Amino acid sequence: VSGTDRAAARIVCFADPKAANSDVEGLGLKNTGGFIFYDGANRQWLDPAKEAARSYIIQLAVECAQMGFDEIILSAVSYPTEGKLHKIAYGERSQDENLGLFLKELTDALKPYEVTLTLEMSAEGILLGKDDGGLTLETAVKYAHRICAVTQGEEAENLTTIVGRCSETVEFVPILTQLPFGYEESAILAGTNE
């Protein structure tokens, strides 16, 4: 909740080991040998290519919208970025196509609700036009109202410019790694500099 009486829900999308392990066949990301994939930190992931995995996250987002959240912040809209990535069974579509399909289905499901959809990407992914986890900036701006990334100072200005070039309607929001001059921590958390 911010100081403007807006409530935001954050959903960590495909990096969900419990859900992936609960139904490996229906939800879990597999390796090319047909077994569950473990990333470099020994975690399991949901598979964006599987309809049931996408539906599971979409249902969570819709529940958040129904509960009255004004904004839904999505992180881990991606495939794993560490481990034996060449062993992932990606399926017939590209990573970006699978993630784009998820975002399309999600935005369709959220149409009845007045909710802001924010996607978290890496600063490097925005600069390069594609995150390590497979999501392109071009796909992200088709569906998001806002794009955010951990950044600071001059880089935040560059990222704002890049997102602005991709879309006139999508806003870039920096997740600051240090406080701007003149702000105190309590003021940032409250959404005011007074």
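Asn42 sits in the loop between helix H1 (17-22) and helix H2 (51-66). Helices here are DSSP runs of H or I with at least four residues, strands are E runs of at least two, and both are numbered from the N terminus. A quick word on the source: this is a predicted model, where local features need pLDDT of at least 70, side-chain atom pairs count only at pLDDT 80 or more, and totals for chains, interfaces and linings use all residues. Residues are numbered from 1 along each chain as its sequence is written, and side-chain values use heavy atoms, with hydrogens and water left out.

Ala76 belongs to the loop between strand E2 (71-75) and helix H3 (95-110).

On to the helix pair. The axes of H2 and H3 come within 10 Å and cross at roughly 30°; they are lines fitted to C-alpha atoms over the stretch in contact, with angles from 0 to 180 degrees between N-to-C directions. This crossing of H2 and H3 is right-handed, meaning the near helix is turned clockwise from the far one by less than a right angle.
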